[in-house]
Amino acid sequence: MKPFVPKLVYFEPEALSYPLGKELYEKFTHMGIEIRETTSHNQVRGIPGETELARYRNAKATLVVGVRRTLKFDSSKPSAEYALPLATGCMGHCHYCYLQTTLGSKPYIRVYVNLDDIFAQAQTYIDERAPEITRFEAACTSDIVGIDHLTHSLKKAIEFIGATDYGRLRFVTKYEHVDHLLDAKHNGKTRFRFSVNSRYVIRHFEPGTSSFDARLAAARKVAGAGYKLGFVVAPIYRHDGWEEGYFELFQELARQLEGVDLSDLTFELIQHRFTKPAKRVIEQRYPNTKLDLDESKRKYKWGRHGIGKYVYVDEEAQELEETIRSYIARFFPAAQVQYFT
């Protein structure tokens, strides 16, 4: 697929006082993209569309260039100490995505241009924890790879972390546009992860993202560039023929990665889940979705932050986990499965 190009761009005036802000303004002006001004990247108004659904779809094609003022980083997932805030939002239209609710009424894509401030804060966190390793997740609220051909913020972050003694970087993507990252001086301190799934899930629930085959080809490029490699299999979804669909995924993955050093390969396994608020938003934004959101078929599970979610019942979840782990053991016996959740 072609790399993402926004249809509309907003700038905070302050963003133009930073080198990246000036660079992006010149780039989008040269590309002939409409540019508007906004007082804050958190308060963007006037996105076109006669209906809420039309405004949502247009927002997903809108880029907002701003300054990250809150430099206290969120603590991230269990596998990283902090989120690295390079961007917020995603151009993809994955029906199940948790950003549907966490971003709420702000589905537009935001990029932050005060990279020196962000990296300085990251260095502070690294120094506070040294000599322990401090891990940063760069894709908690975005698919940073999908927009980095425009900003190169991620490439700068990879090289910043690569130059530290105790910093490590990780991120996950559904996009194939990795060529500009292949020569980054990562020094083995970045884990480049791809979100992968069965062809059924990608075809029906992940519009606006790279294809099954394109992601696997990109993964081979990344491994060849010496990055540590990982795969996030998510959401693992029980569709008709799911056993065969996921078998093909791992079989093809093994074929694409033949001859690549996989001595430090990781897998993360996440079963499909949804919340009540997410279900409402998904049905509004994707009214024709085939996604099964029948609460009566699921188990209700309390989350870490007091928000309950619907997951598969124990027997079905166990079957998913055992099946996927068996495929990994067959095709990637040396890989580490970090978790199933």
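Which elements do the buried residues of α11 pack against? In this predicted model, in which residues are numbered from 1 along each chain as its sequence is written, local features need pLDDT of at least 70, side-chain atom pairs count only at pLDDT 80 or more, and totals for chains, interfaces and linings use all residues. Side-chain values rest on heavy atoms, with hydrogens and water left out. The buried residues of α11 pack against β10, α9, β11, β13 (308-312) and β14 (336-340), where contact means heavy atoms within 4.5 Å. Helices (H or I, at least four residues) and strands (E, at least two) are DSSP runs, numbered from the N terminus.

Helix α11 has 18 residues, and its end C-alpha atoms are 26 Å apart, in agreement with the 26 Å that it should span at 1.5 Å a residue; the expected span is 1.5 Å times one less than the number of residues. Ala317, Leu320, Thr323, Ile324, Tyr327, Ile328 and Phe331 are buried in α11, buried meaning under 20% relative accessible area, exposed over 50% and partly exposed in between (1.4 Å probe, protein chains only). These residues cover an arc of only 135° around the axis, which puts them on the same side of α11; the arc is that of the directions from the helix axis to the C-beta atoms. Exposed Glu315 and Arg330 are carried on the face of α11 turned away from its buried side.

Helix α9 (residues 242-256) has 15 residues and reaches 21 Å from its first C-alpha to its last, close to the expected 21 Å. Its buried residues are Trp242, Gly245, Tyr246, Leu249, Phe250, Glu252, Leu253 and Gln256. Seen down the axis of α9, they fall within an arc of 165°, so they line one face of the helix. An α-helix has 3.6 residues a turn, so residues three or four places apart point the same way. The face of α9 turned away from its buried side bears the exposed residues Glu244 and Arg255. The cover over the buried residues of α9 includes β9 (190-196), α7 (199-205), α8 (212-224), β10 (228-236), β11 (266-271) and α11 (314-331).

The axes of α9 and α11 come within 10 Å and cross at roughly 25°; axes are lines fitted to C-alpha atoms, for helices over the stretch in contact, and angles run from 0 to 180 degrees between N-to-C directions. The two helices α9 and α11 are therefore roughly parallel to each other, the term for angles under 35 degrees. On the α9 side, the contact is made by Trp242, Glu243, Tyr246, Phe247, Phe250, Gln251 and Ala254. The residues of α11 in this contact include Leu320, Ile324 and Phe331.

Two cis peptide bonds concern proline residues. One runs from Ala130 to Pro131, with omega near 5°, and Pro131 is found in the loop between α4 (115-129) and β7 (134-137). A cis bond also joins Ala234 and Pro235, with omega about -10°; Pro235 is found in strand β10.

Loop residues complete the description. In the loop between β8 (167-173) and β9 lies Leu182, which is partly exposed at 27% relative accessibility. Leu182 and Lys221 are 39 residues apart in sequence and 7.5 Å apart in space, C-alpha to C-alpha. Asn187 is also found in the loop between β8 and β9; its phi is near 55°, a positive value in a residue other than glycine.

Note on methods:
Parallel < 35°, antiparallel > 145°, perpendicular 65-115°, else oblique.
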